[in-house]
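This report describes how the chains of one model are arranged and how they meet. The sequence and structure come first, and the text follows.

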Amino acid sequence: MAELLSPDRYFDPEPTQRALAREMYAGVANLPLVCPHGHVEPRLLADEQATLGTPADLLIIPDHYVFRMLYSQGMAMEDLGVPRADGGQVERDHRKIWQRFCDHFYLFRGTPTGIWITDELATLFDIHLPVTGANAQPLYDQLAEKLAMPEFRPRRLFERFKVEVLCTTDAATDPLLHHQALRASGWAGKVLPTFRPDAVVNLDTAGWRENISALSTLSGVDVHNYATFTQALEERRAFFKQMGAVATDHAAQMVATLPLSTHEADVIFQRALRGESLPTDAANFTSHMLFEMARMSTEDGLVMQLHPGSLRNHNELIFDRFGRDKGADIPLAVDYTRGLRPLLNVYGNDPRLRLILFTLDETTYGRELAPLAGHYPALRLGPPWWFYDSLNGMQRYFDQVVETAGIYNTAGFNDDTRAFLSIPARHDVWRRASANWLAGLVARHIVSLTDAREMAYEMTYGLAKRAYRLE
Amino acid sequence: MAELLSPDRYFDPEPTQRALAREMYAGVANLPLVCPHGHVEPRLLADEQATLGTPADLLIIPDHYVFRMLYSQGMAMEDLGVPRADGGQVERDHRKIWQRFCDHFYLFRGTPTGIWITDELATLFDIHLPVTGANAQPLYDQLAEKLAMPEFRPRRLFERFKVEVLCTTDAATDPLLHHQALRASGWAGKVLPTFRPDAVVNLDTAGWRENISALSTLSGVDVHNYATFTQALEERRAFFKQMGAVATDHAAQMVATLPLSTHEADVIFQRALRGESLPTDAANFTSHMLFEMARMSTEDGLVMQLHPGSLRNHNELIFDRFGRDKGADIPLAVDYTRGLRPLLNVYGNDPRLRLILFTLDETTYGRELAPLAGHYPALRLGPPWWFYDSLNGMQRYFDQVVETAGIYNTAGFNDDTRAFLSIPARHDVWRRASANWLAGLVARHIVSLTDAREMAYEMTYGLAKRAYRLE
Amino acid sequence: MAELLSPDRYFDPEPTQRALAREMYAGVANLPLVCPHGHVEPRLLADEQATLGTPADLLIIPDHYVFRMLYSQGMAMEDLGVPRADGGQVERDHRKIWQRFCDHFYLFRGTPTGIWITDELATLFDIHLPVTGANAQPLYDQLAEKLAMPEFRPRRLFERFKVEVLCTTDAATDPLLHHQALRASGWAGKVLPTFRPDAVVNLDTAGWRENISALSTLSGVDVHNYATFTQALEERRAFFKQMGAVATDHAAQMVATLPLSTHEADVIFQRALRGESLPTDAANFTSHMLFEMARMSTEDGLVMQLHPGSLRNHNELIFDRFGRDKGADIPLAVDYTRGLRPLLNVYGNDPRLRLILFTLDETTYGRELAPLAGHYPALRLGPPWWFYDSLNGMQRYFDQVVETAGIYNTAGFNDDTRAFLSIPARHDVWRRASANWLAGLVARHIVSLTDAREMAYEMTYGLAKRAYRLE
């Protein structure tokens, strides 16, 4: 594995470019990590004594990148310890789960998951055995031993990683107890909540009415119509903001932002409360609410993030058996040009709005997102998302976005991960990819070395802070 | 031309990567050829005395890659000897056809056709004259002389090419007489049929009712309604399987897999028998039948191949005058995510199904196909198809598919060709492209040299065998 | 800045490829410029004494590439001197505008605008100060001094640039007075009009009825129904042709080319005259008229250019305040395969038609445009348009088009610019990008050096002349 951790990894082999990439990278490799969007559980950091669990807890059971690949090659999710929705039996022997993973680690050759895990083992754990079936048990032993040490507790790792700020993602109905505990603990680590109201805004969410009840309880507003719904959301936004939140986050299957009249919105909302939604209600209401969320962001200054274009829970069998977020969300083609127009025509020229867009449809980088972000003052483009948080994904993003929008209309990097331990590896991939891309520009005399150095700093540190108003 | 046949052809010029590519390639260059999908006429191999005809028969008249380009630049199809549907007069002097081709061979600069033909002439015929108008007649003489030799008969070439297995593509109504003759001849070459029922499944096929009659005759089932249609198809599948078939193949303009009720299917089928189809019948029936074909594959184990997204016979004048497959099929954007969902929700988790997907819409590689194949156990991705069976097509495929799906959810390579003689050149392009891509991963320390060697073997040999259950 | 003007700029750093690129480039760097499509004002060349104005007139105020980026980062259009539609006050101090531009020139790092401006300052003005806020005033002084010199008058630059022919773009209702003055002046520069009838053909154009009145006046045909409309258009085409025009140019939001009956066309046209258009009228009429324009081109031989797929004036606030062409036109996904079929089925096989297609949807290069152009004799593909007139845009175009269509179904380069001064820089980027791409083919032994030299000549000079019938 040693050869994989070359200090020149991911750089172009051409010597001129490689030397420049090395130089670019050296300037940014040790900058603090700005993590404005992710899914780390605040619980891990709220409790000083929290641990990361077993190697299977750490790298397999919660990671849909990992188990989706193993599942695609015929392994049962149960055999990987993924919990069933009905509480049915799954593998509990974490050594066996680990063995299965190591037996099939070759599946991850050439994938970001392969890169991250290889990097994590070597860089964080100083473990250099190749991940193979034969090495599975010794690897488990070494990992388990380290994970038991105090320096592998999440807070110590947070400090070791030099995380300057980490934003979690939290339901509108989350009381933010862990965040409150975190603040109360006096620990210096900066961990902020993010307001994600999907489960109350998207009427077709499983358990939507229960979510509305929770929203009433938490906001102190009795939500019984559209007016009180809006009021409750504004209440929660204010609470999140008071708890340090700088942003909101929104999912939507399609991009549509057409506002309804208040009357129409109320009619749809009340139908949903009565459990009588029409087939088109959910889509129309989400479209309307994205428009409304832009209005609220314009007013309260929370940065609005939009992650559209995923058909969630594509595989019904997996959804029924294991629930959501099990690696079965599949992207769709998206029309940002028409879909965002109503919102942008009202708020896109307003300097108070900051709207950060993500995509799973790379064809929109050059065709729609860069042209939009290179014009509307409210827009910034988020980094390559999900399947595209990868070396090729980054290269395509740079090549297709920057010529039209420049780097200053992008939002730098965020790791968007549930896997706390993978944060440094993910940032390192971005830093190396950025360094290598800039080296290519310098080597071809497209930007000067001086400019490239500034750009490297912005891409890996400055832009993320400014985009999320974290300065 | 000599410079074009450098042993380093198609490799990146950067010395580190090139040296690695050379090494990767050396390990796979001489592996046997696995050809699980193609359009070689079984007639050529059924008869030991069959020949490949004249140079024009070999390289021009049947090759739509060739004559489409010549046509696009103003040459008449008739002047290239392409037969007319009405039997009208076309050029019969093959030397003249050859001259016209050589006069315009410059049009193929930078195209796969240019690469294949250059390779074929040099590697198979040991002919090194550049293809130009001035050299046309000497080239014709040299080629004709060789083509007359016994070692240029198809069976000898099959052996020389080291073809381990070659699958043809055969209509559901094909009696497979050539395949029977082949088996009876005692020749050791492994040539298998593939079941392609498009002409009976797609109601809008020209001559559909005649095809149904033929289906009745061959299956021994009197097809007069949907039930007997299904029965006849199952009968033919069983026959193909008995004749060695391992797979089926399906075209469809759009990807839709929504099943009808048996009653609805019957109503549509009977309308078609009466010649009274409604405008939407064909699309709905094809959608239903793709679902049904997945069911049958789940039951009989034949690997299902789906090649969608081509608007066939775009140019009506060419279709009327020359018929189908004349280079005028033009791709469309395709929605696999929604279109395959009904099928995948019923059969996608079933280990008995193997569904291999092809595309002419490269935007779906990263957005839809790799995410689907990296999750559903039934899926594998076929290699770049048709216009994308090219160096850049392969590079984009590797770069967009592997990070999400890995290489083990792909089906390796197949040549998909009518041009028997081009088989080795096409595999060689894939082997070199694979070697070069892997060299890039090694040079950037993304995979180890050891892993890359295994990957090269799989990509050029192992995966195709396993994907098509040829082991 | 000196390092940016390396003689090797934009070439791959790998020494083998770079040496070949240098050699390819040397063969074409000094060829005359063929400019068959652009938006230079003929006024500039009609009057021998015309000047280019101040540095802000030259590089900022009229250039939507420039002010869109500055606007996206929060600068007001008024502060950049962009004129308001209502004549309201905007910045008039060109030194202040220039200062703002220089203060923010870093936004253009890695963009084509950054490249062009850097090149223009150094190559045309021999100015080598970096564009920064600190250097703004000295830069202004140096530029203003040069711009006042006779050798910076447009005609002298035209000659210095070695422009062999330059086509402007002119409304159907333009009397071509500047073109007439140009011809009358006896100057040898070849400047030709292009017939662009969008503002009379697209019924939803602001001021359409006034345009129709102007059409009546200029054509001498009283346009009061569809028949006289057609007659007037034919009249104007004949006039443009007589004034040297070789081409027409057409925009359309979507690609549709379905002809209406003459009666239907007349009904729609008359509804529009009465100001009673139905919501679908404009789209249907444009679709019909594209078909009709192909008919007329088949008859009169004017090359037809089609630039579809842009949602014009996406930002209503900007449109209301500043009018059209203000950097707020945003691309859409386009379906050429279905959309062009009606037109191609009637005229696509006709050698009298030459239809040059442009796109802002790069996904269509490989999927639709190259397959269409590699088949239909009437088609050629225009170079990368607008946001894709860039190094990466060109590389993607070469990589996605040529394998299927070859280079001989492309139309070479055109600069499509309003910015007269940027013409040489834009051609130089194309020449370098072509040279570098060809060098890559030679270095990988895909084409021979001899062939690549011919291809370089064609790509940078020959193809444009032949595509536009300028020989």
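How much area is buried between chain B and chain C, and what percentage of it do carbon and sulfur atoms give? The model is predicted, and in it the area buried between chain B and chain C is about 3,900 Å². Carbon and sulfur atoms give 52% of that area.

**Relation of the chains**

Two copies of a chain are related by a rotation about an axis and a shift along it. Chain C is superposed on chain A by a rotation of 120° with 0.0 Å of shift along the axis, and the RMSD is 0.0 Å. That is the relation of a three-fold axis. The residue of chain C that comes closest to the rotation axis is Glu14(C), with its C-alpha at 3.5 Å.

Chain B is superposed on chain C by a rotation of 120°, again with 0.0 Å of shift along the axis and an RMSD of 0.0 Å. In chain B, Glu14(B) comes closest to the rotation axis, its C-alpha lying at 3.5 Å.

Why do chain C and chain A meet through different surfaces? Only 4% of the interface residues of chain C are also interface residues in chain A, so the copies meet through different surfaces. For chain B and chain C the reasoning runs likewise: only 4% of the interface residues of chain B are also interface residues in chain C, so these copies too meet through different surfaces.

**The two interfaces**

The table lists values for each interface.

| Item | Chain C and chain A | Chain B and chain C |
|---|---|---|
| Residues in contact | 51 residues from chain C, 41 residues from chain A | 51 residues of chain B, 42 residues of chain C |
| Buried area | about 3,900 Å² | about 3,900 Å² |
| Salt bridges | three salt bridges | three salt bridges |
| Polar contacts | 30 residue pairs | 30 residue pairs |

Between chain C and chain A, carbon and sulfur atoms give 52% of the buried area. Asp451(A) forms a salt bridge with Arg109(C), and their closest N and O atoms are 3.2 Å apart. On the side of chain C that touches chain A, the elements giving two or more residues are helices H1 (15-28), H4 (64-72), H6 (112-125), H15 (316-322) and H19 (391-405), together with strand E9 (330-331), of chain C. The residues of this side of chain C divide into 24 nonpolar, 14 polar and 13 charged.

Between chain B and chain C, Arg109(B) forms a salt bridge with Glu454(C), the closest N and O atoms being 3.2 Å apart. At least two residues of the side of chain B that touches chain C come from each of helix H1 (15-28), helix H4 (64-72), helix H6 (112-125), helix H15 (316-322), strand E9 (330-331) and helix H19 (391-405) of chain B. That side of chain B is made up of 24 nonpolar, 14 polar and 13 charged residues.

**A sheet in chain B**

Chain B holds an open sheet of three strands in the order E1-E2-E4, with parallel pairing. Strand E1 (33-35) and strand E4 (191-192) of chain B are the edge strands, and each pairs on one side only. E1(B) is joined by three bridges to strand E2 (residues 163-167) of chain B, and the two run parallel. Within this pairing, Leu33(B) stands opposite Val163(B) in E2(B). Strands of a sheet pair through backbone hydrogen bonds, either parallel or antiparallel.

How values were computed:
Residues numbered from 1 in each chain as written. Chains lettered and ligands numbered in written order. Predicted model: local features only at pLDDT ≥ 70, side-chain atom pairs only at ≥ 80, totals over all residues. Heavy atoms only, no water. Least-squares fit on C-alpha atoms with pLDDT ≥ 70 in both. Contact = heavy atoms within 4.5 Å. Buried area = accessible area lost by both parts, 1.4 Å probe. Salt bridge = Lys/Arg side-chain N within 4 Å of Asp/Glu carboxyl O. Polar contact = N/O pair within 3.5 Å; in protein donor to acceptor, adjacent residues only side chain to side chain. Helix = DSSP H or I, 4+ residues; strand = E, 2+ residues; numbered from the N terminus. Nonpolar A, V, L, I, M, F, W, Y, C, P; charged D, E, K, R; others polar. Pairing = 2+ DSSP bridges.
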